[in-house]
Amino acid sequence: MKRILTGITPSGYPHLGNYIGAIKPSLDLLDEKCESFLFIADLHAVIKVSDPEKLKELSNGIAMAWLASGLDPEKTNFYRQSDIPEITELAWLLSCITEKGLLNRAHAYKAAVDTNNESGKKDSDEGISMGLFSYPLLMASDILTPNATHVPVGKDQQQHLEITRDIAEKFNRKYGDFFNIPEAVIKDEKTVLGTDGRKMSKSYNNIIPLLAEEKELKKSIMKIVTNSQEPGEKKDWRDNTLFSIYSSFTSKDQQEEMQNMFDDGIGWGDAKQKTFEELNKILTPIREKYLELNSNKKHIEEILKSGAEKVREQTLPLVKEAKRLVGISKL
Ligand code: TRP
């Protein structure tokens, strides 16, 4: 049976890019014939979020975004990474068979080193935590602890899956066939653009929020950068940020309709208004569910707690067996 697993790092408030790129695909993939593991990667977030209150709030935000978007905790294993101590336990065992060189080549670490070198720092590792360096190892453990077979991720995570496969194969060669070799399920989705035309990301301050009130949603859409063309002038929808954002959540028919409107010279204000209305149709039920969840945070804690209990029924024996294979068991 397929065992699908994916995680979201709570390093920012949930936005449209998270919904289109991670939340919706993770839910669309689930069916009766697979087991699924969806989790909040809060241990990963400690690398980036230094304010404890903020981390708590952001973890909660991702939990609510997932639930409000239709995740059914009865049908999937939904949990917080930090509630499964077997993940960090296995991560250590994996670190003992992983060559440091494998992690030297990981993108996030390399990018941090490049930044240091470019800014002329004497030590190219300055300011880089062991958490950032060994991030791919923890991710490998996230995947291997429940022995997942399929991992839906964005293209930027493909290298981490290759590292995970390397580590799993190495463990299997050394200690016997134990881990599934997980496959990445890469969606060939287009990158969701932010209001300034770059990739939507909290670090660019260009997001369209997922759970905000209508007024705030509208404000963020009105911020989408356009040009000085007047209403009545034909507009090019190719390479247009507004059209690209509109396309990220609408059907082919709706996109054709908008293309015709661009050809016919729709004003930017009207095009934004239409974008707002269509997006608001999708987000209204999610927002309503979110407000309901937000008024009962205790309920979310209970969902996550019982999710973790269910998952640990599987991860405890698995990690116990991994330890036995390595030579760590009761005398
Ligand atoms: N690193 C992923 C991201 O930033 C989140 C993540 C953590 C993850 N652990 C995972 C995704 C395990 C898939 C499987 O998007």
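Let me start with the lining of the largest pocket. At least two residues each come from strand E1 (2-8), helix H1 (16-28), helix H3 (52-68), helix H6 (107-118), helix H8 (135-144) and strand E4 (150-153).

A word on the source. This is a predicted model, where local features need pLDDT of at least 70 and side-chain atom pairs count only at pLDDT 80 or more, while totals for chains, interfaces and linings use all residues. Residues are numbered from 1 along each chain as its sequence is written, and side-chain values use heavy atoms, with hydrogens and water left out.

Back to the pocket. A pocket is an open set of points on a 1 Å grid over the protein atoms alone, where a 1.4 Å probe fits, with protein on both sides within 12 Å along at least five of seven lines; lining residues have an atom within 4 Å of a point. The largest pocket has a volume of about 1,500 Å³. Volume means the space filled by probe spheres set on the points, with grid points joined across faces, edges and corners. The lining holds 48 residues, and nearest the centre lie Asn-18, Lys-48, Asp-156, Gln-157 and Lys-199. H1 gives the most, 6 residues.

Now the second largest pocket. Its volume is about 400 Å³. It has 19 lining residues, with Tyr-13, Pro-209, Leu-211, Ala-212 and Glu-216 nearest its centre. H3, H10 and H13 each give two or more residues. The largest share is from H3, with 4 residues.

Which domains supply this second lining? At least three residues come from each of domain 1 (2-192 + 297-326) and domain 2 (212-291). Those bounds come from an automatic or database domain assignment. The domain centres, taken over C-alpha atoms, are 33 Å apart. Across the boundary, 9 residues of domain 1 are in contact with 9 residues of domain 2. Contact means heavy atoms within 4.5 Å.

Last, a helix pair. The axes of H10 (residues 214-222) and H13 (residues 268-294) come within 10 Å and cross at roughly 145 degrees. Axes are lines fitted to C-alpha atoms, for helices over the stretch in contact, and angles run from 0 to 180 degrees between N-to-C directions. From H10, the contact uses Glu-214, Leu-217, Lys-218, Ile-221 and Met-222. H13 brings residues including Phe-276, Leu-279 and Arg-287.
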